[in-house]
Amino acid sequence: MSAVTSEIRTGLFIAGEARPGEDHFPVYDPADSSQVIGHAAKATTEQAKAAVRAARAAFPAWSALTPHERAELILAALEPLAADHDDRALLLSRENGKTVFESSLDIQVLGARFHLAAGLADQLAEPKTIEGKPLPQAPLSFHTTVERVAIGVVSIIVPFNWPLAILGASLPYALVAGNTTIVKAPPTTPLSFVRTLEIIAAQLPPGVLNVVSGTDDVLGPVLIQDPDVNKISFTGSVRAGKLIAGMAAEGLKRVSLELGGNDPAVFLEDADLGGDAFHRIDLGAFLTTGQVCMAAKRVYVHESRYDELVEGLSAELAKHRLGRGQAEGTTMGPLNSARQKEIVEELVADARANGAEVREFGEGDEAELAKGNFLKPSIVLKPAQDSRIVQEEQFGPTLPIVTFKTDEEAIALANDTWSGLASSVWSADLEHANAVAAQLRAGTTWINAHNAPWLDERAPFGGFNQSGIGREMGVEGLFGFTETHSTMRTAG
């Protein structure tokens, strides 16, 4: 891998060409907040509007292609990405904080999701036909076709944690469906993101994929409220999702929102905690320093298995080595921002002040850790159900563990939340696990696993309650980027 230096400057990609920013903003290293990694273009209002106009101009020709033609074009656009994969993975690790291994996976998942979306082109290829009378006594008989057509111009906004993988849950589905797009780079991880997307965009017809970076106050009003934008696809916090939904409502624009989750993991009395169970629990809660929307955020364990779970998870967490994501042997990097570190620290301090025991784990060079947004992984033992650490999404490397006596109590505790993104049930008896899983109010429930490594990406993903609106991926995710158009004529 070649070295990544602070000389990196990224621009914009609009209407099929790279464009410089009139100004740039610095991107800092979360492992050392004094270090600038590079500079990203700060798009102006006019540049954002130019991206929207480019997408609008490209829409008629792109949507007129068949779904299979669009699928072939987006897969061909991926081919040049292999050339500098390692450099972009290293860059993403530096600006995000996570390990190079995770950053490499981030880029790979983007490609995999392009292939999954392209494989669904058949779902759009043929309209559905309805023949006959709506009711036996109806006076008219119909020949009606129902087809799915593209919505139009789609703005896509994604977060910092798995930016390219998360983009893969929306962008290729939007493109296969016939939409044209403007993608906004995450403000703290724009460099590798823009570098990756400008490679893809250059292979597509001009205006089909436009890429911008900059500040929310400048880009938000354009990408959300411009009359030529037909849909907004957003992944991020509940707070931001509500703001976007409110702004989009003024123009009755379509929205899909994949928001936060305070996701429960339920360990039943008959849970199998042998084999690699504790490794799976570790990944389920602490992957990417706990900064994953679908990660386990709360553990509920039957009181008879509490000591075993705490002991086993403690031994697993003790193995963590904290440090720069690019350093050999690092298993956990820093949080992406100082603010998120403060939020997690505040929740843990509140739990401790209210009588819960907090245990910290992991090793690292303390002098180096002090330079960045590092927090050692921790578990919070038996906090109250109404405590902040249980009720709020921590989005960081700490995990509350609460006991229960009966399945009914566990289900009630797990469902006691504002969210509903993901959940898991752990049991050696699959019939027992499925019976409990069926009662959990979440968009995704795993059995004996939790988090992204075990996500079946053919299935729709999204949340109940305040965890979002709509679904990504799968047929449902593809259809979410379409409108239905019915054509009717009377028969006979």
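I take a pocket to be an open set of grid points with protein on both sides within 12 Å along at least five of seven lines, and its lining to be the residues with an atom within 4 Å of a point. The model I am working from is predicted.

**Entry 1: largest pocket.** I looked up the residues around it first. I find 39 lining residues, with F234, G236, S237, R239 and A240 nearest the centre. The volume comes to about 1,200 Å³. I then checked which elements contribute. At least two lining residues come from each of α9 (216–225), β11 (231–235), α10 (238–249) and α13 (338–353). α10 gives the most, six residues. Sorted by class, I get 22 nonpolar, eleven polar and six charged residues in this lining.

**Entry 2: second largest pocket.** I note a volume of about 680 Å³ here. Its lining has 37 residues, and E102, W162, L287, T288 and P453 lie nearest the centre. α4 (100–118), α6 (163–167) and α11 (277–286) each supply at least two of the lining residues. α4 gives the most, with five. I list the classes as 19 nonpolar, nine polar and nine charged.

**Entry 3: cavities.** The structure has three cavities of 30 Å³ or more. I put the largest cavity at about 50 Å³. It is lined by 14 residues, and P264, A414, A422, R441 and A442 are the closest to its centre. Two strands, β13 (263–267) and β18 (422–426), each supply at least two residues of that lining. I count six nonpolar, five polar and three charged residues around this cavity.

Methods
Residues numbered from 1 in each chain as written. Predicted model: local features only at pLDDT ≥ 70, side-chain atom pairs only at ≥ 80, totals over all residues. Heavy atoms only, no water. 1 Å grid on protein atoms, 1.4 Å probe; cavity = no way out; pocket = protein on both sides within 12 Å on 5 of 7 lines; lining within 4 Å. Points joined across faces, edges and corners; volume = space filled by probe spheres on them. Helix = DSSP H or I, 4+ residues; strand = E, 2+ residues; numbered from the N terminus. Nonpolar A, V, L, I, M, F, W, Y, C, P; charged D, E, K, R; others polar.
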